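Could you walk me through a few local features of this protein?

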Amino acid sequence: MFDKILIANRGEIALRVIRACKEMGIATVAVHSEADRHAMHVHLADESVCIGPPAASKSYLNIPSIIAAAEITGAQAIHPGYGFLSENARFAEIVGAHGMTFIGPKPEHIRLMGDKITAKQASKDSGIPVVPGSDGGVATVEEALAAAEHIGFPLIIKAAAGGGGRGMKVAKDRESLSEAVMSAQSEAAAAFGDGTVYMERYLQKPRHIEIQVIADSHGNVVHLGERDCSLQRRHQKVLEEAPSPAIDDAARDKIGKVVVDAIRKIGYLGVGTIEFLYEDGEFFFIEMNTRLQVEHPVTEFVTGVDLVREQIRIAAGLPLSFTQDDITIKGHSIEVRVNAENARTFVPSPGTITDYHAPGGLGVRMDSAIYNGYAIPPYYNSMVGKLIVHGRDRLEALARLKRALSEIVVAGIDTTIPLFVDLLNEKDIQSGDYNIHWLENWIKAQEAGA
């Protein structure tokens, strides 16, 4: 096992990794930008190193500075958290080249799954169902029109190197396809430096279902059930729950076995998530995330598995501490992402927190790095915390979330907490009857009624 790990990240995920390390008796090194000098992860790590100016490109994405920080502190491994360098295959290679361990998948798997076209083909070859679409990228409008003949309308155009909804356009018919393709290519090139796009059938009312999987270097692969992440705004998740209100035990077991077989076939290592669109009883592969997910706590609540601890054990060459037979989904868990944003306009709201009180009690977990007097810098993602609850069933989890939202206090800045208070009063949320378009439509209706 490692003696010391450097965490190449910030905020709540840095704290999450530090906490796991402390429980495992592993010393930690925090890296931070000049803007994060007073951040909580800096206070709680055993050592800290400033790696550059506030801009992420000059600090948290600065590979030479991070490697230097690991070398001068004697760290044996680097945990990337999520975001930043967590899915950067070159970074994983560089960590290895410097005699340290990257706590994550092999670089070739990060690279394979990082390109949505190769990921889709690899998944298809491994037996995972994929949504009907183009055979690879489409370079011209003529190619797009030809591919559309067998895909049908409506269809969606996506950036091959994309994420977060950028480079993504919907074409409802043949007449709108040309403009949608060129717009997606232009947006993809600007956002990712790669204008390659591909096309898929556009599902009407799908849910976003993702399967958590974990694999060690001893040939053991286990799935930990699904998460339902259908409540999204601009393709960004805002609420996640496990298990999904739409999936029964039979469907879970079936897709879980498919995913486990595929992961074993490609020789994947570490934690990963296979994301699907789910409609009318069918799963369609979207993408694979080769890292720890923001929403991993809901899986931890219903399975009792510490995913970060297992990540570290796997990177150290140890086998999983459990088998598939040990995994039983117990109760229900819901997570809401607390962002420093106005709850109606979603305009970011950096600033100083003048008062903070975290909710508590049975089945409540608050993952956050904020504190009274902490100044939220304007340079990074606006998420400042995750409120996660667990109950014996979905009804109890919803009641517990409502109670926790009534307790939480974050003063001095705007947050999205009022959004979740309003959502919990909606019948569709209470019944679990929603899809990936529900929240956008709800927001439009709220704006129209304002």
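## About the model

This is a predicted model, in which local features need pLDDT of at least 70 and side-chain atom pairs count only at pLDDT 80 or more, while totals for chains, interfaces and linings use all residues. Residues are numbered from 1 along each chain as its sequence is written, and side-chain values use heavy atoms, with hydrogens and water left out.

Let us begin with α4, residues 89-97. Helices (H or I, at least four residues) and strands (E, at least two) are DSSP runs, numbered from the N terminus. Ala89, Phe91, Ala92, Ile94 and Val95 of this helix are buried, where buried means under 20% relative accessible area, exposed over 50%, and partly exposed in between (1.4 Å probe, protein chains only). These buried residues pack against α3 (63-73), β4 (77-79), β5 (101-102) and α5 (107-114).

At the start of α4, the backbone nitrogen of arginine 90 has a side-chain oxygen of asparagine 88 within 3.0 Å. Glycine 99 follows the helix, and its phi is positive, near 80°.

## Where α5 meets α6

The axes of α5 and α6 (residues 116-125) come within 5 Å and cross at roughly 100°; axes are lines fitted to C-alpha atoms, for helices over the stretch in contact, and angles run from 0 to 180 degrees between N-to-C directions. The two helices, α5 and α6, are therefore roughly perpendicular, a label for angles of 65 to 115 degrees (under 35 is roughly parallel, over 145 roughly antiparallel, the rest oblique). Arg111, Leu112, Met113 and Gly114 of α5 make the contact with Lys116, Thr118, Ala119, Ala122 and Ser123 of α6, contact meaning heavy atoms within 4.5 Å.

## Histidine 332

Histidine 332 lies in strand β14 (residues 332-339). Histidine 332 counts as buried because its relative accessibility is 5%. Its side chain makes a polar contact with the side chain of glutamate 241 at 2.6 Å. A polar contact is a pair of N or O atoms within 3.5 Å; within protein, one must be able to donate a hydrogen and the other to accept it, and residues adjacent in sequence count only if both atoms are side-chain atoms. Leaving aside neighbours within four places in sequence, the contacts of histidine 332 include Val302, Val389, Arg392 and Ala397.

## Glutamine 324

Glutamine 324 sits in the loop between α11 (307-315) and β14. Glutamine 324 is partly exposed, with a relative accessible area of 28%. Its side chain reaches the backbone oxygen of histidine 223 at 2.9 Å. Not counting residues up to four places away in sequence, glutamine 324 touches Val221, Val222, His223 and Val260.
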